[in-house]
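Student: I'd like to go through this model with you term by term. Please hold each label up against its definition.

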Amino acid sequence: MTEVGSARRRKEDARLITGRTQWTDNIQLPGMLYVAYLRSPMAHARIVRVDTGPARREPGVVAAFSGRDFAQEQGSLPCAWPVSEDVVIPDHPPMAVHEVRYVGEAVACVVATDRYKAADALAAIEIEYEELPAVLDMAEALTDTAPKVHEAGNRAFTWRFGNGDIDAAFRDAPVVVDRTYVQQRLIPSAMEPRAVVAATDGDAFTLYSATQIPHILRVMLALTTGIPEHRLRVIAPDVGGGFGSKLQVTAEEVLALLLARRLGRPVKWTESRSEGNMTVHHGRDQLQRISVAAERDGRLRGIKVDLLADMGAYLMLVTPGIPLLGAFMYNGIYKMDAYDFGCTGVFTTKMPTDAYRGAGRPEATYALERVMDELAAEVGLDPLELRRRNWIRHEEFPYTTIANLTYDSGNYEAATERATTLFGYDKLRAEQADRRERRDPVQLGIGVSTYTEMCGLAPSRVLGSLSYGAGGWEHASVRMLPTGKVEVVTGSSPHGQGHVTAWSQIVADALGVPFEDVSVMHGDTAVSPRGMDTYGSRSLAVGGVAVLQACDKVKEKARQVAAHLLEASPEDLEFAEGSFRVRGTGAGRSIQEIALAVFAAHDLPDGFEPALDADATFDPENFSYPHGTHLCAIEVDTETGQSRIRSYVAVDDVGKVVNPLIVEGQVHGGLAQGIAQALFEEAVYDADGNLLTTTMADYLMPTAADLPDFVTDRTETPATSNPLGVKGVGEAGTIASTPAVVNAIVDALRPHGVHDVRMPCTPERIWRTLAGVRGGAA
C-alpha cells in the first residue's frame with residue numbers, strides 16, 4: 001500500500017480542533033504592550049491637525065503617536081508588481097501623514113498596558129480634517145473633471161495583450177454577443193483575524209504574524225524599515241485561513257516593528273472583525289465587458305475583453321497584477337482564432353484590492369462562462385453542446401492556446417460525461433421543459449461551468465516577463481535522523497491546507513519510512529530560511545515537488561553508503577519498501593540502518609560526508625492546469641425572487657491526488673466561497689465612501705444551512721510538468737462555482753426575458769430584475 005493516494009486523516013487536526021494551538025493572538029511575552037489604531041472616518045481628507053497628548057494622559061497608556069511621528073522611518077508599503085511602464089505607484093505610508101484616502105486608514109495609534117485601555121484612549125486623540133471629494137465610480141474617476149485620488153491622477157495603468165487578427169475575427173461575424181458584467185467587491189473573512197506581535201532584543205527583531213508569506217514578508221519588511229534582513233526573524237505560527245487576504249505586507253506589521261524599536265518592549269495588535277472588514281484588502285471589484293464573435297453553428301472566432309479594475313486607494317503587494325492573472329484565462333478551454341484583452345487600473349477612495357481566492361481567474365472564468373451561455377441562447381444550442389463544439393479535445397494535448405499558454409494535459413470530455421451522469425442532466429432538462437410549459441411560478445434553471453485555470457504560480461522566468469517582483473520556485477530540506485526518523489523543512493507556509501499530512505505521505509513513499517516517522521517544520525524563517533510561501537494553488541505542485549526532489553537526493557546519498565556496506569556497485573542496487581538490495585541476492589540494508597551507519601561514520605566510502613540530509617529547490621517549467629465541469633440546478637420563485645440550490649455536481653481533474661480527504665475539503669471550501677459570491681456577499685459603500693458592510697450582520701456570508709449537499713467526483717489526467725503529476729486544487733471550487741450558479745439563475749429566468757442578474761443574486765435583486773423586464777417598478 002502506498003501513502004500517496006490514501007485518504008489519511010490530517011496529522012494537524014487533533015491539535016487544531018482541541019484548541020492546542022498557537023495563534024498569534026495567543027502569544028504572551030514579558031512586558032507586552034497593546035496597540036490600537038485610530039482610523040479615518042472619511043474617505044478622502046487632508047489631515048490638518050493631530051494632537052495625541054490627551055491620549056497619553058489616559059489610564060494605562062504608555063505612548064501615543066501620529067503619522068508625523070514616524071514620517072521619517074515608516075517608508076512606503078511595497079508594491080511588488082509594477083505591471084507596465086506607465087504604472088503609477090503612489091507613496092503608501094503605513095500611517096497617514098498628510099492625507100487619508102479611504103475610510104479605515106490609520107492616522108494615529110495608542111500603546112497601552114492592555115488592549116481595552118488602548119482602545120478606550122483613542123477617543124481622547126484630537127484630530128481635525130479638511131474633507132475632500134470621494135471618488136467611488138471607476139468610469140467617472142477616469143473623466144477629466146473627476147477629483148484626483150492622487151496628484152498623478154486616477155489611472156493606475158493600462159495593460160493590453162492579444163493574439164491573432166481580432167478585427168478579422170469580428171468582421172462580418174454571423175453572430176456577435178456583447179455583454180457587461182459586474183464583479184462586485186468582496187471582503188475576505190478568514191476564521192482567524194489578522195494579528196501581529198513584534199519583539200526586539202538589542203538590534204534583533206522577531207515578528208509573529210498571521211501571514212501566508214513569512215519569507216516574502218521578511219524581505220519586504222527589511223527593505224521597508226531598514227532593519228537588516230539577517231537581524232529579522234518572521235514567524236507564522238498557526239494561521240487560521242487566509243484565502244489571499246494574508247498575502248500582504250500590512251501597515252500593522254510595519255508599525256509593530258517600529259513601535260517595538262521605539263519603545264524597546266514587545267507590542268501586540270489584533271484586529272476586530274469590523275476593523276478587519278474595513279482594512280483587510282478587498283477582492284474582485286471589476287467591470288467586465290466581453291464580446292464574442294462566432295459562426296452560426298456556435299464555433300468561436302474571437303473574444304474581446306475590456307476591464308476596469310478598481311485598485312482602491314493604493315497599490316498594495318500584488319494589487320495591479322491580480323486582474324492580469326485572468327488575462328490568460330478569458331479563452332478558457334476553448335479554441336478560437338483571435339483574442340484581445342485590455343485592462344485599466346483605476347484609483348478610488350476605497351480600501352485597496354488585492355489577491356482573493358483565485359485572484360483574477362474566477363473573474364475571467366465568470367465572464368467567459370456567462371457569455372458562453374448567452375452565445376448558446378443566441379444560436380439555439382444546449383449550453384453543453386456549444387462547449388463541446390469549442391473545447392480542446394483530449395487528443396490535442398499538449399495544446400498552445402490563443403493566450404500563448406501551453407496546457408500540458410486534460411480531458412474535458414471525461415469530466416463532463418461523469419458530471420452529466422451524476423447530475424442526471426437529461427432528466428433535469430425534461431423537468432425544466434415541463435415546468436416552462438406549465439408556466440410554473442417556480443422555474444428550474446440549469447447552470448454549466450466548464451473551466452480550467454493556470455495555477456502553481458511559477459515558473460520564475462514567466463513571472464519575470466510579467467514584471468512580477470519575485471520568483472516562483474520553492475525550497476525544501478529533508479533530514480534523516482540517526483534513529484531513522486525524518487524531518488522535513490518546507491518553504492511553503494500552511495494556513496489550513498494540510499501540508500504536514502501531505503508532505504509526510506510524499507516522504508513516506510519516497511523513502512520507505514512509516515508515515516508516523518515524518519515531521520514537518522514550516523513558517524519560521526529561522527528554521528526554514530528559504531521559501532516563496534503559499535498562494536495561487538502552488539504548494540503541492542511546487543513545494544511538494546521540492547520535497548520529493550530532496551528525498552531523491554537523500555536516496556542517492558544513501559545508495560552510495562549502502563553499496564559500500566554491501567560491497568556492491570551502486571548500479572546493482574534496487575530500492576523498494578525502504579531498503580536497498582543487491583539484485584539477485586537477499587543482501588540488503590534499510591534506509592534506517594544506513595542513517596545510523598552514517599551517524600556513526602565508522603565505515604563510509606572515502607570522501608563521503610557523514611550526512612544524508614539534502615536540499616532541493618524546484619522551479620517548474622510550466623503552470624499546472626486543473627479543470628472540471630460543474631453543474632448546478634436551482635429553483636427560482638418568479639413571484640418572490642427566492643432561489644434554492646437543488647443539486648450541485650462538481651467533477652474536477654486535479655491530476656494525481658496525494659490525499660483525497662484534503663482534496664475534498666479544498667473543493668467543498670472553494671464551492672462555498674464561489675457560491676457566496678453568486679448569492680450572498682457584497683461590500684457596499686455609500687455615496688460618501690463609508691463602508692456599510694462592516695459587521696457580519698451587514699456582510700452576508702453563508703452558513704452550512706444555506707448550502708446544498710455537494711456531489712463531487714474526479715477524473716485524473718496527470719500533469720506532465722512535474723514528477724508527481726499533480727495539479728492545484730485550492731482555488732478550483734471558487735473559480736468554477738460562481739458562473740455555474742448564476743448561469744442556473746439566468747437559465748431559469750430566460751423565458752421571462754432575463755439575460756443577466758447582477759451578483760449577488762439576492763431575492764430582492766432577482767425580483768427587481770424580473771420587475772424591470774416586465775415593465776414594473778424596480
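**Labels and cut-offs**

Student: What makes Ala601 count as partly exposed?

Tutor: Its relative accessibility is 36%. Buried means under 20% relative accessible area and exposed means over 50%, with partly exposed in between (1.4 Å probe, protein chains only). So 36% puts Ala601 in the middle class. Keep in mind that this is a predicted model, where local features need pLDDT of at least 70, side-chain atom pairs count only at pLDDT 80 or more, and totals for chains, interfaces and linings use all residues. Numbering starts from 1 along each chain as its sequence is written, and side-chain values use heavy atoms, leaving out hydrogens and water.

Student: Why is Asp533 called buried?

Tutor: Its relative accessible area is 0%, and that is under the 20% limit, so the label holds.

Student: What do Asp533 and Ala601 have in their backbones that is worth a look?

Tutor: Neither is a glycine, yet Asp533 has a positive phi of about 75 degrees and Ala601 one of about 60 degrees. Most residues other than glycine have a negative phi, and most peptide bonds are trans. Asp533 is in the loop between β21 (518–521) and α16 (539–566), while Ala601 sits in the loop between α17 (591–600) and β25 (614–618). Helices (H or I, at least four residues) and strands (E, at least two) are DSSP runs, numbered from the N terminus.

Student: Which peptide bonds are cis?

Tutor: Among them are Phe397 to Pro398, with omega near -5 degrees, and Ala458 to Pro459, also with omega near -5 degrees. Pro398 is in the loop between α11 (383–390) and β16 (399–400).

Student: How do you know that β22 and β23 pair?

Tutor: Two strands pair if DSSP finds at least two bridges between them. β22 (residues 573–576) and β23 (residues 579–582) are joined by four bridges and run antiparallel, so they qualify.

Student: What makes β4 and β6 edge strands?

Tutor: They belong to an open sheet of three strands in the order β4-β2-β6, with antiparallel pairing. β4 (99–100) and β6 (126–131) each have a single partner strand, so one side of each has no neighbour in the sheet.

Student: What makes a set of residues a nonpolar core?

Tutor: The set holds buried Ala, Val, Leu, Ile, Met, Phe, Trp, Tyr and Cys residues joined through side-chain atoms within 4.5 Å. The largest one here has 141 residues, and those with the most contacts inside it are Phe341, Tyr648, Val741 and Ile745. Helix α10 (residues 361–379) gives the most to this core, with nine residues.

Student: Why is a space called a cavity rather than a pocket?

Tutor: On a 1 Å grid over the protein atoms alone, a cavity is a set of points where a 1.4 Å probe fits but cannot get out, whereas a pocket is an open set with protein on both sides within 12 Å along at least five of seven lines; lining residues have an atom within 4 Å of a point. Grid points are joined across faces, edges and corners, and a volume is the space filled by probe spheres set on the points. The search finds eight cavities of 30 Å³ or more. The largest cavity holds about 160 Å³, and of its 19 lining residues the closest to the centre are Tyr102, Ala251, Thr279, Met316 and Met351.
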